[in-house]
Amino acid sequence: MSRVARISFSIVFVLAALVCGFALATWLGGRFFVPAGSGLAGPAIAVGYGIAGAGIAALVALVLAKMLPQTWFIVIAAPIVITGAGLAIFLGRFLMTSAVEHQAHLDQAYENLNDFTLTLEHLMAADEQPFQRLDVDGAQRRYTWVTSGAESQSCSADLSGEEVVAFLTALRNIEAELSGDASPCDDTSAAAQRRIDWHITEVMPPHSQGQL
């Protein structure tokens, strides 16, 4: 084995040992060292052991790759490389499947969100405002805005599921604030500068709506 071939094989060996160390330490940590009742923190604790195990395994592999004679190095490294490659393929497919399933669950959750509409409007024209009017349709996952200024334009774009959740959460927070003061603007004598208007379709009537 030439020097270049040994260096290349050593790199593969260290990476394979890292994968094997991570998998083994994660399993051992989760099986024997995660306290009962850890809840959602349990997987994170197990992964912490896995990271430590990966570092130790990679360090040991690096020492072996440098110190072992060629024959012994090949005998020891070959099964670890094969095992590490198999584990890498398995973990890669597992993570890809988990990501797809996680996204499918999120998409289903987004579909189950309450439908809502929201309008935000600046009642007094001002060029420095980012928009003159913004209309959000949660059911269609789309929003439209009218730009400020003399030459205003109307533009539309799609909303991501995360953005729909953010808008709906903000409206729920407004409802929570209004539960303590249903008319917070009544004691203001100045002319209104902005308006917010919303409607949330609840599972059971009455639906939630309001304007400030």
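Buried means under 20% relative accessible area, exposed means over 50%, and partly exposed lies in between, with a 1.4 Å probe and protein chains only. This is a predicted model, in which local features need pLDDT of at least 70 and side-chain atom pairs count only at pLDDT 80 or more, while totals for chains, interfaces and linings use all residues. Residues are numbered from 1 along each chain as its sequence is written, and side-chain values use heavy atoms, with hydrogens and water left out.

Q: Why is Arg141 called partly exposed?
A: Its relative accessibility is 23%. Buried requires under 20% and exposed requires over 50%, so Arg141 counts as partly exposed.

Q: Where does Arg141 lie, and what is its phi?
A: Arg141 lies in the loop between E2 and E3; helices (H or I, at least four residues) and strands (E, at least two) are DSSP runs, numbered from the N terminus. Its phi is near 55 degrees, a positive value in a residue other than glycine. The hairpin of E2 and E3 has 4 residues between the strands.

Q: Which strands pair with E1, and over how many bridges?
A: E1 and E2 pair in the antiparallel sense over 5 bridges. Strand E1 (residues 116-122) also pairs with strand E5 (residues 194-200), again antiparallel, over 7 bridges. Leu118 has a bridge partner in each: Val136 in E2 and Trp198 in E5.

Q: What makes E4 and E6 the edge strands of the open sheet?
A: The sheet has 6 strands in the order E4-E3-E2-E1-E5-E6, with antiparallel pairing. Strand E4 (154-158) and strand E6 (208-211) each pair on one side only. The twist averages 10 degrees from one strand to the next.

Q: Why is Ser208 called buried?
A: Ser208, found in strand E6, has a relative accessible area of 12%. This value is under 20%, so Ser208 is buried. Not counting residues up to four places away in sequence, Ser208 touches Arg172, Glu175, Trp198, His199, Ile200 and Glu202; contact means heavy atoms within 4.5 Å.

Q: Why is H1 called oblique to H3?
A: Two packed helices are described by the angle between their axes and the distance between the axes. Helix H1 (residues 3-33) and H3 pack at about 50 degrees, with their axes 7 Å apart; axes are lines fitted to C-alpha atoms, for helices over the stretch in contact, and angles run from 0 to 180 degrees between N-to-C directions. Angles under 35 degrees count as roughly parallel, over 145 as roughly antiparallel, 65 to 115 as roughly perpendicular and the rest as oblique, so H1 is oblique to H3.

Q: Which residue classes form the contact of H1 with H3?
A: The contact has 16 nonpolar, 4 polar and 1 charged residues. Ala, Val, Leu, Ile, Met, Phe, Trp, Tyr, Cys and Pro count as nonpolar, Asp, Glu, Lys and Arg as charged, and the others, Gly among them, as polar.

Q: Why are H1 and H2 called roughly antiparallel?
A: H1 and helix H2 (residues 41-67) pack at an angle of about 150 degrees, with their axes 6 Å apart. The angle is over 145, so H1 and H2 are roughly antiparallel to each other. By class, their contact has 18 nonpolar, 7 polar and 2 charged residues.

Q: Is Leu87 buried, partly exposed or exposed, and how do you know?
A: Leu87, found in helix H3 (residues 70-111), has 25% relative accessibility and therefore counts as partly exposed. Leaving aside neighbours within four places in sequence, Leu87 is in contact with Val19, Cys20 and Ala23.

Key: Pairing = 2+ DSSP bridges.
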